Structures are given as structure tokens and as C-alpha cells.
Amino acid sequence: MASLEEEFTLSSIVLSTGSEGLLGVEQSSKTDQFLVTDNGRTVILYKVSDQKPLGSWSVKQGQIITCPAVCNFQTGEYIVVHDNKVLRIWNNEDVNLDKVFKATLSAEVYRILSVQGAEPLVLFKEGAVRGLEALLAEPQQKIETVISDEEVIKWTKFFIVFRHPVLIFITEKHGNYFAYVQMFNSRVLSKYTILFGQNENSYIESFTASVDRKFISLMSLSSDGCIYETLVPIRPTDPEKNQSLVRSLLFKAVVSGNTRHGTALTVLDQDHVAVLGSPLAASKECLSVWNIKFQTLQTSKELPQGTSGQLWYYGENVFMLHGRSLTVIPYKCEVSSLAGALGKLKHSQDPGTHVVPHFVNWEAPQECGLGAQNSEQSRRILRRRKMEMSLQPEVPPSKQLLSAIMKDSEKHIEVELRKFLAVKQTPDFHTVIGDTVTGLLERCKAEPSFYPRNCLMQLTQTHVLSYSLCPDLMEIALQKKDVQLLQLCLRHFPDIPELVTCACLKIFLSIADDSLEETDVNMESVFDCSNSVHDEKMEEQTEILQNGFNPEEDKCNKCDQELNEKPQAKTKETTSCPVIPKRAALLNAILHSAYSETFLLPHLKDIPAQHITLFLKYLYFLYLKCSENATLTLPGIHPPTLNQIMDWICLLLDANFTVVVMMPEAKRLLINLYKLVKSQISVYSELNKIEVSFRELQKLNQEKNNRGLYSIEVLELF
């Protein structure tokens, strides 16, 4: 629902407005600052939030500003024209306009137009257009005449369509109106004749326009109080031919035809326009907001001190002269609804006119007796109550969510959270998420039976939280042994302490397989082990040397003798994953977590030895799978890397070697890890030899250009 908030005076300075009001209000390079040009010699820069002027510049006595000052968004400088032909450019540091840059042009300027993302344009009174840079390069260049004699420019607007500048200006000649559209990417100027209806005897008082991909929606407010719309093509079918455009009625009789100081019209957004003038049922001037989609009056504000019949809109502020002071009225618009739009119809009705109901009750008597009047009155009261309910301001989803977490059920909180997350992110999004998590965790501590795990998981996945913001989140998840939430925290929180990481590892290793099977865990990091189990025995793989490591390589005779004494079933166990897939996914989350070795090692000593052995078996299994691939990587979306696997093997052995070495069931694993280390040393030794060879070859290649016609060199690689 559109609304006009409380107005405020931008400045108490009485501007030189004359009989025609201000020359214009234009936006500067900063969204909160605006240039106001009066009808005399002065340009003032205002800051709306502070309601005060930041700077003021005037031309000399005897000179007069003839078009509004604008901002060059590419340079941050200001541009103004005085005495029709003299162009001035200055910035905030300049004080005297007489001492700033000056260029005298060869033709009279109608308006300077500037928008974000484009070079300012200069529109001359004869209809010619020049870019500012090209004009400053040759100020006295000849300006051609585009419009015919006695044709006068009435209004103009500058758009950016598909990153290309588009200019439209309206001219009038003997009561006939013409629209000119210039596309600057193709240098095409199109002319259109605006046709009036057969019974129209009015003239146009104000123009405004909006643009989409194909058309410029040109709206005009006529002297009969009606608003008309004309669709002007951006790309004409025949640019050489003078084409005609028909006006269609958009609103009927929105203002009175006898307004004292004229009327004004401006587009607010896609669905709303603002109209300045006297309504039909009132004598005082008003600012009214009309809904284009529903053809209804949304809101209005009386202006008892009168206006100049001028209106400007930028961002969320409507500018106008109220009396002799520049006034700002903030404009807000929420999502439109038909019920809310119809609620304002009573303001647009003449008190003496009879209102025909929009809906007919076919069960009620239609005669004009007392019963019909009472029935109509009761229906009107009921409808008014419904309208009042629809006009009540809606509570934002963020406030509904924060109020719900203190007393409502888990299901209701989850519904409110989904509503809040479905809304487009607002500037306070991060704050609301933090407050919501804090409130939920405080309630969890106060009520042990309250645990909204679905809400906590959704909040964790917003990428807003961290451990330092809500340390109680992982503490409660550890108490509840909620491995799914812990996995999410390990994935999304970058600042988890090593103590908490080890606490998660303890739970992941100790929880029973049956409990894990009933838990929903993210399996992205786990590859399908069934496809990677070899059909052959471990002994049959010894013929291939992978990554310089062979589990059965004869490097230690005593170890081989002990291994050969083991049954074949024990040998096959090394090729199968020692943990179920869901436990593997949780352990992979540990491998991906950030840590500092200095702070992690003391806490790893607190993990039971059998759990350390299980984790080492899983890491050894991952290493074997990495060795099977030439790329030394595991399949999957986000699997652990070889470096992560090796680092954690070293960490676990450093922290628990004296304990693990005394366990009989870990003897075979330690022998395999010993052979793994020896193979890695062998691989890196060979790589070092290759590196020396590469260095010599690189050196040889660098010295190649320094050789003479003949040379003999001896290259010793080993």
C-alpha cells in the first residue's frame, strides 16, 4: 500500500521562485543530496537527511540562470547554463561561479540532461542534441535546427535502455503535440504526432514517463483533469516516416480543471503516479497518489499554503514548493492489494453523489425500500470494517519471528522462520539472524525439552553465523549428540576452537552404527565404496607400484613374515572401508575443519585408544584409495585431500603413539603405516633426483642462447 509520510521543510530559506516556481530539482552524485535551482540567480545543494543546505552558488547581478543545474555523474561536477548560452562547470570547492570554467555556445540551450552511467547531454531549443564532451571541444560549433518554426519544446526526459542513452522530448505547435525519440547508439531520431480524441478540447499541462524494454510509457495530465497514456516505441519501424500515436485514457477526472497554480504529474513506481492539484471535491490543493493497476486513489495530503504546480520525485522523496519553502514528503510503498486499493475510494467520491455498489447481493431485495436501505447500510459497514482491517500495517516478518521464539511452539517458529528467510534480504538481516539464534539458545537452556533443531539447521545454512557469534549452538548440539547439526557447523563455521573440534570427533567415533543409520547426514564428501572394492586379493595387487607405495613390498623381512602368517581374510580387510558411509561423512567434516597443530595435539590425547585406531584405519583406507588414482584424489563432490589425510595421520600418531603401539589389534595397522612412510620417503627421494635433472635441463636451456658456433658440454645427471 502506497503512503505519504509526514512532510518536512528542507530549508526555511525563501527561494526566488517567481510566478513559474523553481527551475528544477536534480539529484547529485550522492543519493542524499540534491541540487535546487531557483528562478533567479542561485543554485543550492541540499542534504535531505540533515534538512540543510551544503553549498550555494550564484551568478552575477544582471545574469539569470535559464536551465536547472545538473550533476555530471562521471566526474562529480555541476553544470548550469545562464543567459541561454553561457555554460558553467564547477565543483564543491568552488565559491564564485564567475571564476569557474565557462563556455559560450552558439545556440540557446533548453535543458542539460544527466543520468547515472551516461555522459550528460545538452538539448538545444532548436531540437539538436550534443554530448557534453563533444560540445566543450568546440563550443562555437554550428547547431542544426531539428524542429519546425513556431514549434516549442515543452518537456524532456533522459533514459538508459540496454546500457544505451535514449532521449525523448515533447514539442507543441498550434495546439498539436509531437514526440521526438533519439537513440544514441544508432543516431536515429524518430518523430511522432500525438493524436487527441475527437471530443477532446483540452491542452496538456504536465508530462511524465517511464520506460521498459520496447516502449516509453508517456503519461500526460490534461486541462480536463484526466490522465492519458501514450506508448512511444523506442525503436521505430520506419524512422524516415512521421508516425502517429494515439492517447488512451488512463484516469478520468483526477483533478479539477480550475486549479489556481496549475497541475503536475510524476511517476513514482511501476504501479503508482503522483498528481498535484485540486481534487474535484475539494478547493484546496492536494498531493494524491493513484494506483495505475487498480485505477484507485491510494492516499492524499492537503497543501493549504498552495504550491507552484511543480513536482519532482527521486528515490523515496517527493519534492515540491509548499508556500514559498521547499518541502519534502517521503513516499513509501508496500505490495499492493486490491482490498487495500479499494479502501481509499471514499476519498475520491463526491459527497453528494450516489455510490453504486460494486458487488450485487442477488438474495437481497433490489427495491429502494427501507429494508433495502438497511441491508445496503449493513453491507457498507461490514465492507468498511474489512477495509480497515486490510489497511492496518502488517507486522514485518522479522518482528513476527523475534516475538514467536519466546513463547510459540517449535512448529510455529519454523513457519515464521521460513517466512522471514523467503523475504528479500534487508539491511538488518544479519542482526535478526543473530538475535533469533540467541533467543532460541536461551530458551533451550531454560526449557530442556525445547530443541528446535530444524530452525537451528536453517539458520546455520544462512552463511551468517560463526562460532564466535553463537558458541552455545555447538555446546547444545554436543549435549544432544546432534551429529547432523554438528556436521553443518563444521562445514559453515570458520572459527571453531580445537577443543570443540575434538569433542565433535569423540562423538563421531563413539556413536553407534544403528543410531547413525537413522540420522540424516550430508553424504557429499563420501564416494561409493561399493564401486571401488577390488575383486582381487591384496597379494594380487603387489605387481603394480602406485604412488611409489606397495602394501606388500618386501622392505622389511621380519614384517613380511608376520604378515604372511595372517589369514587371507585379514588381508582383505584393508581394502574395505572400516566405517559405515555416514560415519565416514562425519569424519570427513573433521578432516576439512581448520585447526592449529599446537592447540589440537593436547586434546587428541583425550580420545580413547580404540577410537584413535578406528580413525587411523579409516585414514589409511583413504590413503590407499588416493594411491589408486594417478591424480592422487578421491572421487566425490567435496572429498578430503591427500594432504589432509597425511596431516591427520601424523597428528594422531604424534599424540597417541605410545598408547596405540601397546595395542595388539593395532600392530598390523602400524606396520602398514610404517611401510607407507618408507614408500613416501622413497618416492620423494626419486622426485628429488628428477628435480636435479630438471634444474640442469633448465640451466642448459637458459645458456643455449649464449653458445658460440661450436661447443662441447658434458651433462652428468647422476
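Analyst: The answer below begins with the helix pair and then turns to the strands.

This is a predicted model, in which local features need pLDDT of at least 70 and side-chain atom pairs count only at pLDDT 80 or more, while totals for chains, interfaces and linings use all residues. Residues are numbered from 1 along each chain as its sequence is written, and side-chain values use heavy atoms, with hydrogens and water left out.

Two packed helices are described by the angle between their axes and the distance between the axes. Helix α15 covers residues 597–604 and helix α17 covers residues 642–660; helices (H or I, at least four residues) and strands (E, at least two) are DSSP runs, numbered from the N terminus. Their axes come within 9 Å and cross at roughly 55 degrees. Axes here are lines fitted to C-alpha atoms, for helices over the stretch in contact, and angles run from 0 to 180 degrees between N-to-C directions.

On the α15 side, the contact (heavy atoms within 4.5 Å) is made by Glu 597, Leu 600, Leu 601 and Leu 604. On the α17 side, Trp 648, Leu 651, Leu 652, Asp 654, Ala 655 and Asn 656 take part. By class, the contact of α15 with α17 has 7 nonpolar, 1 polar and 2 charged residues. Ala, Val, Leu, Ile, Met, Phe, Trp, Tyr, Cys and Pro count as nonpolar, Asp, Glu, Lys and Arg as charged, and the others, Gly among them, as polar.

Turning to the strands, an open sheet of 5 strands has the order β14-β15-β16-β17-β21, with mixed pairing; two strands pair if DSSP finds at least two bridges between them. β14 (152–161) and β21 (243–246) stand at the edges, each with a single partner strand, so one side of each is left without a neighbour in the sheet. Neighbouring strands of this sheet are turned by 25 degrees against each other on average, direction ignored. β14 runs antiparallel to β15 (residues 164–173), and 9 bridges join them. Val 152 has Glu 172 of β15 as its bridge partner.

A further open sheet of 4 strands has the order β23-β24-β25-β26 and antiparallel pairing. Within this sheet, β24 (residues 272–277) and β25 (residues 285–291) pair over 6 bridges, and His 272 has Asn 291 of β25 as its bridge partner.
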